[in-house]
Number of protein chains: 2
Amino acid sequence: MTNVLITFTVKEELMQRLRSEFPQVDFTISTIKDQNALETAEVILTYGEDVNKETLGQALALKWLMVASAGLEKMPLREIGERNILITNVKGIHKTPMTESVMAHLLAIKRAVPWIYSQQRKNEWSKRSGSSELFGSTALIIGPGAIGSEIGRLLQAFGVKTIGCNRSGKQAPHMDDMIAFEQLNDTLPQVNIVISVLPSTPETRGLLTYEHFVLMKEDAIFMNFGRGDLIKEEQLIKAMAEHQIAFCVLDVFENEPLEENHPFWDMNGVIVSPHVSSHSSEYVPRAIEIFIQNLQEWMKEGTDFQNVIDVEKGY
Amino acid sequence: MTNVLITFTVKEELMQRLRSEFPQVDFTISTIKDQNALETAEVILTYGEDVNKETLGQALALKWLMVASAGLEKMPLREIGERNILITNVKGIHKTPMTESVMAHLLAIKRAVPWIYSQQRKNEWSKRSGSSELFGSTALIIGPGAIGSEIGRLLQAFGVKTIGCNRSGKQAPHMDDMIAFEQLNDTLPQVNIVISVLPSTPETRGLLTYEHFVLMKEDAIFMNFGRGDLIKEEQLIKAMAEHQIAFCVLDVFENEPLEENHPFWDMNGVIVSPHVSSHSSEYVPRAIEIFIQNLQEWMKEGTDFQNVIDVEKGY
């Protein structure tokens with residue numbers, strides 16, 4: 001038997017499918033603290049937050065780690081590499097929910113949805129919504145990979161001009177224009193919306209600073225849906241306190257969960273999304289779909305796995 | 001001089017443009033109660049709500065009524081017809097803001113934006129958003145004209161299957177399927193989203209009833225962005241109180257403004273949008289754009305006007 005430890009909740013319906021497709025596999029749904037399951041697991045399916053040097057050291061039989069998330073920067077990748085453990089993730093399944101979240105927040109701001117909700121709480125009919133439109137805006141998408149390009153595609157459908165921004169300035173899909181990181185200062189004064197979906201790498205940490213927000217338009221919207229270390233929070237707080245821009249929508253933070261007394265909660269124009277932009281009722285079913293395809297490969301001792309992580313690069 | 005009375009606020013910048021393009025026109029910004037302006041106006045530019053039999057009777061010099069809105073069902077059309085007054089509107093300028101409002105509300109519901117806002121008011125970090133996705137849904141668009149088709153185009157971009165519904169079932173743009181009004185009962189059980197953008201006509205008044213909501217899915221979303229008389233409010237209240245569907249987003253009502261103690265304000269799953277879905281900072285500039293083109297035609301005594309209303313048909 002092949003032992004598989006799953007450390008998150010999977011609906012019975014999906015478990016039945018796994019068990020019937022893989023009769024030669026013993027699936028255990030438990031936590032990483034289940035010593036026996038951890039020691040004997042050849043495969044672990046996890047969101048990743050429970051894998052550290054200690055738990056990895058106890059996973060004596062581990063040969064394949066399937067991580068049902070995208071960012072692996074907190075993983076003990078060196079140790080995983082040294083032990084030659086295969087590591088795969090679910091790259092690609094964040095595209096749809098994250099893009100829909102970005103569009104939801106953008107359209108909500110433009111079409112005065114927060115104002116509409118707050119008027120309703122007061123039973124107050126008024127027409128002074130102050131709404132505007134997404135149509136005709138210009139958006140800068142920092143990190144136009146799979147997710148960023150999908151955001152670009154939908155922004156274009158709404159009549160938004162899209163400018164992609166990456167290290168090299170190399171063309172990406174659904175971008176009307178492209179710039180390189182070093183052209184940021186020239187471009188920021190011209191755009192209405194700045195969206196980052198950058199991962200956390202040595203190059204992206206602290207890429208944005210207070211000065212970038214000074215360059216943006218006063219009515220600009222900034223969205224960070226990548227990683228919280230893109231900008232030092234004290235600098236973003238300063239920019240928002242000074243109303244350098246109108247709105248920021250943050251799905252990621254330097255420290256998560258955000259403390260109860262963090263200034264972001266109550267700041268005008270700051271929308272706190274508790275790192276849920278990739279969440280969706282479709283998330284686990286899609287992750288299991290990728291897992292099944294990789295597990296089929298695993299059982300026939302193949303090598304053609306989806307989303308294999310290069311432990312040197314970290315993605 | 002040609003006297004033009006404008007009965008709503010127009011920014012000085014746009015007024016300057018009007019005055020410089022039409023030096024032979026005397027523009028007065030005032031209200032319909034300005035007796036002198038009303039009596040001498042050859043042209044009135046209005047949102048329409050101030051035009052009734054009485055004010056029309058006092059507008060002795062009136063030859064052209066330019067209405068900067070879409071629904072004309074409350075206008076004294078018979079009297080306008082009898083006096084041979086030209087009447088034009090701004091059909092077409094509602095398309096972009098209304099479509100963006102529909103998409104904003106839909107995406108907000110699917111991506112748990114109301115929940116995100118309410119968590120923020122409590123400084124409470126939680127990941128139990130219960131979010132889902134628009135992707136993969138099926139939407140029924142009742143009244144796929146210019147606005148409905150634009151909604152269809154954007155829904156399709158999000159991976160939504162679109163079914164249009166009109167009197168005849170005749171094909172409309174951006175609809176994967178079409179049905180006629182009499183096929184509603186067969187179709188409602190299969191769709192996740194029902195959007196009406198129907199105008200108020202003898203055929204559309206009361207088109208939907210409580211029984212239609214019984215047929216819809218329990219997690220369906222209903223949006224009325226057309227006219228409030230599409231369904232009797234007591235029937236919609238009953239359906240929502242019984243949780244026949246999950247959400248309704250209403251931009252239009254039987255009586256507007258909605259009274260302070262109306263049940264809709266506090267009902268679970270009901271979102272009250274105070275008839276602002278077509279509002280936008282771009283609204284007046286676009287209306288003035290159409291007015292300018294028609295006024296050019298008027299000044300050269302031409303006949304090629306945009307958006308002329310047939311007083312018999314009412315649109």
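## Basis of the description

Local features of this predicted model require pLDDT of at least 70 and side-chain atom pairs count only at pLDDT 80 or more, while totals for chains, interfaces and linings use all residues. Residues are numbered from 1 along each chain as its sequence is written, and chains are lettered from A and ligands numbered from 1 in the order in which they are written.

## The sheet of chain A

Chain A holds an open sheet of 5 strands in the order β2-β1-β3-β4-β5, with parallel pairing. Strands (E, at least two residues) and helices (H or I, at least four) are DSSP runs numbered from the N terminus; two strands pair if DSSP finds at least two bridges between them. At the edges stand β2 (25-29) and β5 (86-88) of chain A, each pairing on one side only. From one strand to the next, the twist averages 15°; axes are lines fitted to C-alpha atoms, for helices over the stretch in contact, and angles run from 0 to 180 degrees between N-to-C directions.

Within this sheet, β3 (residues 43-46) and β4 (residues 64-67) of chain A run parallel and are joined by 4 bridges. A:L45 has A:M66 in β4(A) as its bridge partner.

## A loop residue of chain A

A:K11 lies in the loop between β1 (2-6) and α1 (12-21) of chain A. This residue is exposed, because 11 other C-beta atoms lie within 10 Å; the limits are 12 or fewer for exposed, 20 or more for buried, and partly exposed in between, with C-beta atoms placed from the backbone. The C-alpha atoms of A:K11 and A:V284 are 8.8 Å apart, although 273 residues separate the two along the chain.

## The sheet of chain B

In chain B, an open sheet of 5 strands has the order β2-β1-β3-β4-β5 with parallel pairing. Its edge strands, β2 (25-29) and β5 (86-88) of chain B, have a single partner strand each, so one side of each is left without a neighbour in the sheet. Strand β4 (residues 64-67) of chain B pairs with β5(B) in the parallel sense over 3 bridges, and B:L65 has B:I87 as its bridge partner in β5(B).

Helix α11 (residues 283-299) of chain B lies across β3 (43-46), β4 and β5 of chain B, at about 170° to β4(B).

## The interface

In all, 44 residues of chain A are in contact (C-beta atoms, placed from the backbone, within 7 Å) with 43 residues of chain B. On the side of chain A that touches chain B, α5(A) gives the most, with 10 residues.

Terms used: Contact = placed C-beta atoms within 7 Å.
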